[in-house]
Amino acid sequence: MTHFPAAAKDAGMTHHDFSLCNTQLTARADGALWLADHDTLVVSDLHLCKSERFARKGRALLPPFDTRDTLTRLDAVLDEVSPARVICLGDSFDDVEAIEHMPDAEKLWLARMQAGREWVWIAGNHDAGPVELGGEYVDEVTAGSLTFRHIAERDAQAEVSGHYHPKHSLSGPARACFVYDENRLIMPAFGTYTGGIPAVKSPIRDLFAARAFAVLTGPRALVVPLP
Amino acid sequence: MTALPQIFDDWFASRGWQIHPHQRDMLERASEKALLLIAPTGGGKTLAGFLPSLVELADGTHEGLHTLYISPLKALAADIGRNLRRPVVDMALPIRIEDRTGDTSATLKKRQRVDPPHILLTTPESLALLTSYEDAPRMFRGLKRVIVDEIHALSESKRGDQLMLALSRLEAMCPDLRRVGLSATVEDPQALARELSPTGCAILNADPGPAPDIAMLVTDTPPPWAGGGASYAIPAVLEEVKRHKTTLIFHNTRAQAEIFFHNLWLANTDDLPIGIHHGSLSRDQRDAVEAAMVRGDLRAVVCTGSLDLGIDWGNVDLVIQVGAPKNVKRLIQRIGRANHRYNAPSKALLVPANRFEVIECVAALAAARDHDLDGDPKGEGPRDVLCQHILIRACAGPFDATELYHEVKSVGAYAGLSRAAFDDCLEFVATGGYALRAYDRWQRLMERNGLWQLRDPRAAQSIRMNIGTIQDTETLKVRMRGAGKPLGEVEESFAATLTAGDTFLIGGQIVRYQGIKEMVVEVTRSAAQNPRVAVFNGTKFATSTQLSARVLAMFQHSDWPELPRHTAEWLNLQREVSHLPRADRLLVETFPHDGRQFMCVYGFAGRNAQQTLGLILTQRMEEAGLAPLGFVATDYATLVWGLDPVEDVAPLLTADGLREGRDRWLQSNMVMKRTFRTAATIAMLMMRNTPQSKKTGRQATVSSDILYDTLVKYDPDHLMLRITREEAMRGLVDFGRIEEMLTRTSGRIDHLALDRLPPLAAPLLLEVGKIPVQGVARERLEAERAEALMKEAGLG
């Protein structure tokens, strides 16, 4: 049984601590999830090399700085928490071919971040194939009571997933957000070039019980009941 | 010189018509390379444009396309088609006329490319699309004339620039092409002629008819001190409607039109048939009003700029302009709507909405009498449109960059384009133009054997799907719950402010907001007398520079016999207590009122610029520790309030400081992001429509805001950001007008520290649209709101 947020009182703090199926979690304002007890950091939907794929497919020549920006922000989180393990929760790359075209500098950068820690790539729908970079490549992984996979499964218990890029707005523009109830958590997309779908709408809202919460990312994490 | 064939003479005679002198002139000079006809609304302008084509085509020897007609409105193209078929059928001329717009069926469009009609009626966007096909030269072979209707309206937007670029393509395919422009009265016909044809263009003027009879509506009650509703004038307006056959009642914004219409109906005890027409209403509803108008069933229509163009109503005999006209040219064009009876002067009444507008209306009347029309000189051809043009050119096949550059320079607005600026655009289109050269393998355009072409020819499909420069604001349809047809549309940002139970006006009805379902705003009927939320966003015109100058000049008179007494007394009082603003000095008043410290800056720079001034000023005041709380802006002044008095105003208003404040403020500003989205969409950095877009979900779309932030961070000199900054200066930010004010006053500031509210500033306190200063407070407000929601849910 999950304890409902005493964490609401922490609304003024940078991050939001809560527990899901007895595992303690920190939803960070930057969109990463921190499991202090397991020394594990989780980020979802990095969509690295998205601008490259768009260009390759002839769709648009977007500013090619997204990979650099995403890695910079990830690097900052790693610096802060120094996790023993990193889980990338799928759609880490916008497609598998993108890795091939990734500039060496960016590959080296990734390798440097991976050094000295366990690194898990979860398979996503965009990158459903082994990654030719360091780290382990799996469909699912567990930590504490929780199972980590890319796409939520309807009847799953104690599950953390990504894929949907949830967002939610209070009074201003919509922000990427975590969504959770007592059974599951869906993470925001961490990648720079990622859109989103409203957490209050199908299919995201349908995956949660009536009593559910959104944790907005931004300058600080803000938790609100999900309407 | 072309004579009118007998059959045409007979046709005119059979209808009891006489050919107008300007129609004959157009015919006689039909062989000239370029002609611009200036004629008042409804002066047989369109027939004047087509007559030479009909005559040239009458013998049935021409094969293929002869005349291309471009209209700013799809509906107008269809309407012209119907009107033109009448003489063709009556005289049994062997002429095929078809229209081609976004609404034309795919089958017909395909057929038109293989077997074009003699006369094709279309829009700038459809023409641009036609030039993108590889077989365009075949379709346009034999084209003799192109007629641009309502060219004055097209010229005011990027659609005009796109059109002129498309004409330069046609010119390359058909060197004998003759151009004809049809325009309403404008301030600078020479400029319009240069735009139509920089190498020379004759101007023909139709008889403008007798001078219009314009006056200000005098009412028993004086107008209120502030506001824009003009409801005080409703009884007088109803009297005028009764006295005339058909009246058009123009408003500057849709919201004002809705409110006025609502109040008019409450007072309309005689049940006079009065309709409403504006751009947010559904097509069906607008069609119904237009049809009723054509049948002569309506005594009045409350409307906005949506009736500025298009179909001529036969029997309008009075135009009422509610609210100061803001712009003399628009006023004259609107008055022209009542000019349909030969030799009868068109009649118009101005209704000032508040006391200050009385002054503005009087100034506008004087300007109209002097034929002193206003208009801002058109800037350089926009480069986002050029980027799109290069892509359209690439769709049609490989091209030589130098050849295209010279072709583009032949267009008036791009005559000053440097080769370097052109190459910048080509580079952007080809590679993205980023500081980080990432796309060498995936360029959009490649140079092969000296010719530029699409790397992947399949890209042509998505480019064609994104042609155009019209930016749809994000709007949502409004529908009665359970009923089928939409009532109209509201802007998304307005819908976002509604909560269940709110009532608002649309299409003259009060409705109650229920919720948003599948991107449709659902409403129910409401019996409420006073809608709680009465305003939705609409364009707010800024008073033109020329009109502002006239008002400032009026202030220098020693007395004002032309003004009603109440207004003249108000100005006299201001002169006693403070100063009246002058064109060559900047008047700033500071005074305490109701526990707050106020500062009023009379820049006379127009609403948008005064608003920008407010944003920059409050930012600078916050930095200086002057604790501003908010501000409000009108066309003539910005009023700022805060906790502390401003003792030294000059440092806040230095030109350098304002410019620096502007640059910092602009960086993160929503206006910039909106401007960027427009430019990025037109230049096709973002592809709104893609063949894939139906398949991929919204997760895959990257918002333009993120692209903007990324570019600002990593590539601040990128072409798109440079374009965005330039556009923002002219558009909503309108910093150009602040620059104009700074030059005009040149540091000569009159600061008057008063001990109480001065007369001229008083109405500003009553203005709606006060803008709170948020700054760092925003995060705290969000957090408080989050906490309140948790508490409400019993979780706090």
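Let me start with two helices of chain B: helix 15 (residues 355-369) and helix 21 (residues 545-555) pack at an angle of about 110°, and their axes are 9 Å apart. Axes here are lines fitted to C-alpha atoms, for helices over the stretch in contact, with angles from 0 to 180 degrees between N-to-C directions. Helix 15 of chain B is therefore roughly perpendicular to helix 21 of chain B, a label for angles of 65 to 115 degrees. Helices are DSSP runs of H or I with at least four residues, strands are runs of E with at least two, and both are numbered from the N terminus.

This is a predicted model, in which local features need pLDDT of at least 70 and side-chain atom pairs count only at pLDDT 80 or more, while totals for chains, interfaces and linings use all residues. Residues are numbered from 1 along each chain as its sequence is written, and chains are lettered from A and ligands numbered from 1 in the order in which they are written.

Among the residues making the contact are B:Ile359 and B:Ala363 of helix 15 of chain B, and B:Leu547 and B:Met554 of helix 21 of chain B. Contact means C-beta atoms, placed from the backbone, within 7 Å.

Chain B as a whole has 30 helices and 26 strands.

Now chain A. Its open sheet has 7 strands in the order 1-2-3-4-5-6-7, with mixed pairing; strands pair if DSSP finds at least two bridges between them. The edge strands, strand 1 (16-20) and strand 7 (136-138) of chain A, each pair on one side only. Strand 2 (residues 23-27) and strand 3 (residues 33-35) of chain A run antiparallel, joined by 2 bridges. A:Ala27 has A:Leu33 in strand 3 of chain A as its bridge partner.

Conventions. Angles under 35 degrees count as roughly parallel, over 145 as roughly antiparallel, 65 to 115 as roughly perpendicular and the rest as oblique. Two residues are in contact if their C-beta atoms, placed from the backbone, lie within 7 Å.
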